[in-house]
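This briefing is meant to be read with the sequence and the model side by side. Please keep both in view and look up each residue as it is named.

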Amino acid sequence: MSQTISPAIADLIRTRRTIHSFKPEQPAAELIEQAIELARWAPNHRLTEPWRFHVLGPQTIAAIVELNAQITAAKGGAEAANKKRQQWASVPSWVLVTCARNVDEILHHEDYAACCCAIQNFTIGLWSAGVGVKWTTAKITRDPEFLKIVGVNPDERMVVGMLWLGYPQEIPLQARKSVDEITVRLP
């Protein structure tokens, strides 16, 4: 008996894109909650469920935008800071994903991988509702002041990604290598 992957699932995965510019409309909180519910079903070794989804509110976002503008101004001047401030402030919704730290190196890698799988579930779930995501690991996410703003203790948790969410202003085109180019077949 021949089996095939669901065309609907295949289409979601193939059409999902990283979105860089968003319409101003904010996705409903219920939609974000549904995506988090899907995220928690990601595979995770030993069922550690190491992820935490921090849904950021307007005050937290404004503080992050300002911190980033200050960092940008120190490197590139006021004009660059204002441009970055406008770009970041235009993002409709933000979610931060963190992972529990583990002193065991193998468990740490397994937990990090599980969090990445959870983010994939989250993004595919939102994409099915027309909401795009940009997953960023910008340098600011490792800044001690950023960690204070979001209330993350770096001894206990690490940032896996800052997710920007919204309805796409535009959907970029993309291509991938062929299956043969990325597959190693062993005898």
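Helices, of at least four residues, and strands, of at least two, are DSSP runs that are numbered from the N terminus. Counted in this way, the protein has seven helices and four strands, and the model in which they are seen is a predicted one. Read along the sequence, these elements follow the pattern α-α-β-α-α-β-α-β-α-β-α.

**Overall form**

- Along its principal axes, the C-alpha trace of the protein spans about 65 × 40 × 35 Å.
- The protein has 187 residues, and buried residues make up 39% of them.

**Salt bridges**

- Side chains of opposite charge can pair when their charged atoms come close.
- How many salt bridges does a search of the whole structure find? The search finds four, and three of these pairs, those of Arg 40 with Glu 37, Arg 85 with Glu 66 and Asp 180 with Arg 185, are described here.
- Arg 85 and Glu 66 meet through their side chains in a salt bridge, at 2.7 Å from N to O. Because Arg 85 lies in helix 4 (residues 78-89) and Glu 66 lies in helix 3 (residues 58-76), this pair ties together parts that are 19 residues apart in sequence.
- Arg 85 counts as partly exposed because its relative accessibility is 26%, which falls between the limits of 20% and 50%, and Glu 66 is also partly exposed, with a relative accessible area of 34%.
- The side chains of Arg 40 and Glu 37 form a salt bridge as well, at 3.1 Å from N to O. Arg 40 is partly exposed at 41% relative accessibility, and Glu 37 is partly exposed with a relative accessible area of 32%.
- In the salt bridge between Asp 180 and Arg 185, the closest N and O atoms are 3.5 Å apart. Asp 180 is exposed, with a relative accessible area of 60%, and Arg 185 is exposed too, with 58%.

**The largest pocket**

- Rolling a probe the size of a water molecule over the atoms shows where empty space is left.
- The largest pocket holds about 240 Å³ of space, and the residues that line this pocket include Asn 68, Ile 71, Thr 72, Lys 75, Lys 84 and Trp 88.
- Which helix gives the most to the lining of the largest pocket? Helix 3 does, with four residues, while helix 3 and helix 4 each supply at least two.
- Sorted by class, the lining of the largest pocket is made of four nonpolar, two polar and five charged residues.

- About 150 Å³ of space lies in the second largest pocket, which is lined by Ile 13, Arg 14, Arg 16, Arg 17, Gln 120, Gln 174, Ala 175 and Arg 176.
- The lining of the second largest pocket divides into two nonpolar, two polar and four charged residues.
- Ile 13, one of the residues in that lining, is found in helix 1 (residues 7-15), and together with Ile 5 and Ile 9 it makes a nonpolar surface patch of about 310 Å².

**Residues that lie apart along the chain**

- Ser 128 lies in the loop between helix 5 (105-127) and strand 3 (132-136), and Ser 128 is partly exposed, with a relative accessible area of 49%.
- Ser 128 and Leu 31 are 97 residues apart in sequence, and their C-alpha atoms are 11 Å apart in space.
- His 108 has its place in helix 5, and His 108 counts as buried because its relative accessibility of 18% is under the limit of 20%.
- His 108 and Pro 50 are 58 residues apart along the chain, and their C-alpha atoms are separated by 9.5 Å.

How values were computed:
Residues numbered from 1 in each chain as written. Predicted model: local features only at pLDDT ≥ 70, side-chain atom pairs only at ≥ 80, totals over all residues. Heavy atoms only, no water. Patch = residues over 30% accessible without salt bridge, like charges linked within 9 Å, V, L, I, M, F, W, Y side chains within 5 Å. Areas by Shrake-Rupley, 256 points an atom, 1.4 Å probe, with all protein chains shown as cover. Buried < 20%, exposed > 50% of the residue type's maximum accessible area, 1.4 Å probe, protein only. 1 Å grid on protein atoms, 1.4 Å probe; cavity = no way out; pocket = protein on both sides within 12 Å on 5 of 7 lines; lining within 4 Å. Points joined across faces, edges and corners; volume = space filled by probe spheres on them. Nonpolar A, V, L, I, M, F, W, Y, C, P; charged D, E, K, R; others polar.
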